[in-house]
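Hi,

Here is the structure I promised to pass on.

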Amino acid sequence: MKIEKITTLGELKKAGYQSKSIKDELRDNLIENIKNKVTTFEGIHGYENTVIPELERAILSRHNINLLGLRGQAKTRLARMMVNLLDEYIPVLEGSEINDDPLQPISRFATELIADNGDNTPITWLHRDERFAEKLATPDVTVADIIGDVDPIKAANLKLSYADDRVIHYGMIPRANRCIFVINELPDLQARIQVALFNILQEGDIQIRGFKLRLPLDMQFVFTANPEDYTNRGSIVTPLKDRIGSQILTHYPDNVDTARTITAQEARLDIRQSEAIHVPDLAKDLLEQISFEARESEYVDVKSGVSARMSITAFQNLLSTAERRALLNGDKKTSIRLSDFVGIIPSITGKVELVYEGEQEGADFVANALLDNAIKTLFPRYFPKVEKLEKQGEETVYDDLISWFFNGDGFELLDSFNDADYKVKLDEVTPLDGLLADYQPDIEKEDVYFEKEFILWGLTQFKKLSKYRYSGGLQFKDPYGSFISGL
């Protein structure tokens, strides 16, 4: 007989069921996972040697946990994934508001129910997916919301005195007894509300409106917070910090490959986009590099962070830009162009918090500057570095290309070009073929035209060419030729 088929307290005792605290559940199941080489936090990338070992140590230590880090660092996701470490089912007294353990009841309702029914007391089974509760800390949260209060309507209906503990209406925390309870953005919780958590964290009980009531709750708390200097809206009070067993610092991906993996996993693209649009590897690297540039930019507030969600939404916008172009041109399939990156600007402007200098320049300027800086950073990894100071008369690998522009009237790439016209136009710049042959000989056929355009954009960052954006597309010119001709 499967244990979850048991329906009464007597059957549960006969089956030999042993009660276990939630922290012991987490600990025991984590130990089994570690022994059996089972990945507990599947799909979390970049934390394998930092955050996850610390989180596992905290669980083994039976600690309540504070995940401290900037926005978009998977703090809430980590907390939600801890549910997978719980037992699949636990028994609960039927009708209990606070998930009373049939073998260790703590509420008045539970003890009276068992006293009246004995071994025939009905029980139900709670699945681990239902053992997760979450509250976003906001300034309007009250003690009554999270812990409980006297309910005058219940008192009137049951004709009870306010001195009777049956008039209590339990808040979110008691109702999440034997569950994982997450409070997001803990510093936003008013200090007096944080104080109300002291007893729960240290002694495991709650106090409501002066009642001599001791409910030894069985809880696993996980808090999330941004660093305290992120804003001036609040902080975690020191005694509360002291009661949280482990504080774990999260972080952003430390390399482009990890960031690419996260973006690919989280973007959740329409299958039609994935099948119809080819994305060169260089385009994926460039997209992630923009976030890395933002985290180092003088225009962006480093204290607020640059969420991984920026890359995810930018990737979605990038594909949508190419998809819209293909639809307008009647192309069934297309490939990402570097000029398509103009379409990701709205994904950047809404997700970076600017310092004063950035506000003065404007969000659009900053977004375009981040794209330019990303191109400048990646360019020397694919093609020879352009030196800042070159000896007069010294030949460089880019001379033929620069001469092509110097002797021409400019070169335009229109946004409206279909794939065929786009390729024909780039093929006109014949020196690009030599550069690819010499420095990217193993390039995939589908990536050729993206890298051709990448060379042009890259040389504008090193002042070898000039680039002008207008409503219809892009124009590349030789900057000195333009100056000489008086344009």
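This is a predicted model: local features need pLDDT of at least 70, side-chain atom pairs count only at pLDDT 80 or more; totals for chains, interfaces and linings use all residues.

Is strand β14 (residues 473–477) largely enclosed by the rest of the structure or largely open, and why? Five of its five residues are buried, so β14 is largely enclosed; buried means under 20% relative accessible area, with a 1.4 Å probe and protein chains only.

Residues are numbered from 1 along each chain as its sequence is written, and side-chain values use heavy atoms, leaving out hydrogens and water. Helices (H or I, at least four residues) and strands (E, at least two) are DSSP runs, numbered from the N terminus.

Back to β14. Strand β12 (residues 411–414) pairs with β14 in the antiparallel sense over four bridges, and L413 stands opposite L474 there. Strand β13 (residues 466–470) also pairs antiparallel with β14, over five bridges, with Y468 partnered by Q475. Pairing takes at least two DSSP bridges between the strands. β13 and β14 make a hairpin with two residues between them.

Then there's a helix pair. The axes of α14 (residues 281–296) and α18 (residues 363–382) come within 8 Å and cross at roughly 125°; axes are lines fitted to C-alpha atoms over the stretch in contact, with angles from 0 to 180 degrees between N-to-C directions. Contact (heavy atoms within 4.5 Å) involves, among others, L286 and I290 of α14 and L371 and L378 of α18.

Cheers

Technical notes:
Buried means under 20% relative accessible area, exposed over 50%, partly exposed in between (1.4 Å probe, protein chains only).
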